[in-house]
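Grab a pencil and try these exercises on the structure below. Each one comes with a worked solution.

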Amino acid sequence: MRRLKVSVVVVAAALASAGTALAAGEHAGHAQHAETYATGEPGDAKKAARIVQVSLTEANGKMLFVPAEIEVRKDEQIRFVLRNGGQLDHEFVLGTTEENLRHGASMAKNPDMEHDDPNARRLAPSKTGDLVWRFSKAGEFEYACLIPGHREAGMVGTVVVK
């Protein structure tokens with residue numbers, strides 16, 4: 001009987017571990033390791049960076065970022081200074097369109113998902129924050145608000161890395 005109890009405990013622990021791994025994979029749009037970010041890597045807040053101010057807001061029935069497009073040089077470090085001038089919570093998430101769409105679908109299932117990732121910030125109304133990023137890869141990427149309905153209301157911007 002003791003051997004059966006131990007086996008049940010081992011199987012339960014393995015299932016719990018697998019469930020945690022699956023849940024983490026579902027949240028992979030934000031929770032990535034630095035080497036896997038398609039857009040580059042977290043910047044060093046102690047090093048010089050070009051400051052880019054971005055406003056997150058709502059206007060005329062749309063949700064938007066101002067500016068909606070940013071150009072940077074490959075290997076340039078940017079300090080995004082974010083300000084939520086709207087009446088709702090908003091997010092700023094750097095990624096590829098595919099990553100953000102995939103993670104947005106996950107957030108639709110779990111709208112209260114908490115984020116603590118170097119490529120994303122969530123801001124309450126009238127709050128500010130920053131995000132330091134080094135764009136080590138050339139290409140066209142995006143920043144988007146992945147709160148359900150916000151992207152669909154126009155809250156997406158473009159980063160062109162040359």
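This is a predicted model: local features need pLDDT of at least 70, side-chain atom pairs count only at pLDDT 80 or more; totals for chains, interfaces and linings use all residues.

Residues are numbered from 1 along each chain as its sequence is written, and side-chain values use heavy atoms, with hydrogens and water left out.

**Exercise 1.** Find Asn 119 and work out whether it is buried or exposed.

*Solution.* 
- Step 1: look in the loop between α2 (97-109) and β7 (120-123); Asn 119 sits there. Helices (H or I, at least four residues) and strands (E, at least two) are DSSP runs, numbered from the N terminus.
- Step 2: check the relative accessible area, which is 1% for Asn 119, so this residue is buried. Buried means under 20%, exposed over 50%, and partly exposed in between (1.4 Å probe, protein chains only).
- Step 3: follow the side chain of Asn 119 to the backbone oxygen of Leu 94, at 2.9 Å.

**Exercise 2.** Sort the ring pairs Phe 65–Tyr 143 and Phe 92–Tyr 143 by geometry.

*Solution.* 
- Step 1: learn the rule. Rings of Phe, Tyr and Trp (its six-membered ring) pair if their centres lie within 6.5 Å; planes under 30 degrees apart are stacked, over 60 edge-to-face, and the rest tilted.
- Step 2: with 5.0 Å centre to centre and 75 degrees between the planes, Phe 65 and Tyr 143 are edge-to-face. Phe 65 is in β3 (residues 62-66) and Tyr 143 in β9 (residues 139-144), so this pair ties together parts 78 residues apart in sequence.
- Step 3: Phe 92 and Tyr 143 are stacked, at 5.1 Å and 25 degrees.

Terms used
A polar contact is a pair of N or O atoms within 3.5 Å; within protein, one must be able to donate a hydrogen and the other to accept it, and residues adjacent in sequence count only if both atoms are side-chain atoms.
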